[in-house]
Structures are given as C-alpha cells and as structure tokens.
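Subject: Structure for you to look at

Dear colleague,

I am passing on the structure we spoke about, together with some notes on what turned up in it. Please open it alongside this message and follow the residue numbers as you read.

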Amino acid sequence: MRMVEQKLKAMQTSDGAGVKIRRAFGYAERQLFDPFLMLDFFGSDNPDDYLAGFPWHPHRGIETVTYLLEGEVDHGDSMGNTGRIGPGDAQWMTSGSGIIHQEMPKPGRKGPGMHGFQLWVNLPASLKMVEPRYRSVAAAEIPRISKPGAEIGVLAGSFEGHEGATPDLFVPVLYLIIRLEPDARLPISVPADYNAAVFVHEGKAGIGGTTLTEGTVCRLPPQEEAFPGLPDRIELTGGSPEGAGLLLMAGKPLG
C-alpha cells in the first residue's frame, strides 16, 4: 500500500486577467508530480474574483484539463472550436504544436459560485508537435460509480473495469473525481510505476497515517522498485465528521 512521501498546501495567487486561484502545485514542485505540470483550484462565490477570466493566450506542448463543480466556462480557440461546460462537465485540450484559446468563467443558473480545477498534463518530446485538438466532455459521459460511502467519477483511465470518458489520450493517466462520506474507506489500484497525487478540495481525508486537510495535495511516488510489474494500491479514508471531496491523478513519469 502506498504511503505519502510529501504534502503541500495550495498557494493563493491569480492568473489570466486576475482570476483568484489556489495553485496546488506548478512552480518548483512540478518535477515531483511528473507527468503533471500544474494543478489549480479556482473557487469563489464572488463574481468579481473570476469574471475577468482567461482571455486569449497560447499553449504548446501540453494538455489542459478543466473540470467544473459549479458555474460555467465558455471556451473558444484558434481552431474554431467553441463550447460551454457546466457543473460536472470537463474539457480536455491538447495544445501540441500550438493553439490560442480563451476560457471565460461565469455564474451558473443556481447562483454566483464558480468552482473547479485545471490540470496540466505534459506531453513527451515525441508528441510536442502533435496536431492540436479539443474535446468537451459532458457530465453524462463520465462514468459514475457508487460504492459504500463513496462516489467516483472516472474522467480518464480505468477504475474497477469502468473506462474513463477520455479513452484515447496521448499520455495514459488516471483521473478520478471522488466524494467520500465520513470514515468511508476506498482502495484504488494504480500501476506500480505510476506517479500519483491526491488533492483534497473539501473536508478532510486520510491516506495511511497521513491526514490531508482542505487545500492540501500529496505525492505518492512510484513503487516499481519495490513491486516490479505488479499493481499497487492507494487507500483513501473520509475524514470525520465532514468526509471529503478530492481528486486522484496518476500517470507514468516522462522524465
């Protein structure tokens, strides 16, 4: 069973045209989470914190993955793609050889709140110049699995025979959106040579003997040397009395 090697507290910062965010990792820490480069949590009930959005800007050589808990985001890019995602939806954009896009958040129908995540996934050198592509993933397309005390959404990868909503990725990764009730236990199998990270965005969770509070991300390094060729397990526990909302991301390091 994997143990936490390192944990970090998300830092308050801003990006785009002044959107207030919390950056879980993405500066000097990005090497720790290979193949993931950055994870941002954006969340506010005050539209002034996010309405300026992320106007037209370039990306190259990476993939950006946005998932929403609340609110809406309008997307447009230089390939002519447009779209709007809402609660439970995602968008997965491969910038490859280069793309210019904008992401403009707005309040949803249920109130002024805007909450979600953006993850950056690196591309290997051989795919840095691949043709860009964009896909919008509706909430209904994401498999949702109910287990005792737990709800799991599979955006990418495989969980107990359920394949994620984005199966044809350039870099195979596991991306789970999880809700745990208080004291619920959830084991998750990951390949032993995958780097893994868990981010708690709400409540409190446990991994082994380590407690993660809201706004904390941890790294669970590959176990290839200890268990060559075998699957490995991460065991999550919902904190008491509030349970936890969290993300689990895992992928093979690119170096």
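In this predicted model, strand β17 and strand β23, which covers residues 244-251, run antiparallel and are joined by 8 bridges. One point to find along this pairing is I178, whose bridge partner in β23 is L246. Strand β17, made up of residues 173-180, also pairs with strand β14, residues 150-156, again in the antiparallel sense and over 6 bridges. Here A150 has L180 as its bridge partner in β17. As for how covered β17 is, 7 of its 8 residues are buried.

As a background for them, most peptide bonds are trans, and most residues other than glycine have a negative phi.

For E160 the phi is near 50°, and the residue is found in the loop between β15 (158-159) and β16 (162-163). E160 is partly exposed, since its relative accessible area is 48%. For D183 the phi is about 70°, and its place is the loop between β17 and β18 (185-191). D183 counts as exposed because its relative accessibility is 52%, and the cut-off for exposed is over 50%.

How many cavities of 30 Å³ or more does a search of the whole structure find? The search finds 1, and the volume of the largest cavity is about 30 Å³. Its lining consists of T64, T66, H75, Q91, M93, H101, E103 and Y134, and these residues divide into 2 nonpolar, 5 polar and 1 charged. Strands β6 (62-70), β9 (90-94) and β10 (99-106) each supply at least two residues of that lining.

With best wishes

Methods:
Residues numbered from 1 in each chain as written. Predicted model: local features only at pLDDT ≥ 70, side-chain atom pairs only at ≥ 80, totals over all residues. Heavy atoms only, no water. Buried < 20%, exposed > 50% of the residue type's maximum accessible area, 1.4 Å probe, protein only. Helix = DSSP H or I, 4+ residues; strand = E, 2+ residues; numbered from the N terminus. Pairing = 2+ DSSP bridges. 1 Å grid on protein atoms, 1.4 Å probe; cavity = no way out; pocket = protein on both sides within 12 Å on 5 of 7 lines; lining within 4 Å. Points joined across faces, edges and corners; volume = space filled by probe spheres on them. Nonpolar A, V, L, I, M, F, W, Y, C, P; charged D, E, K, R; others polar.
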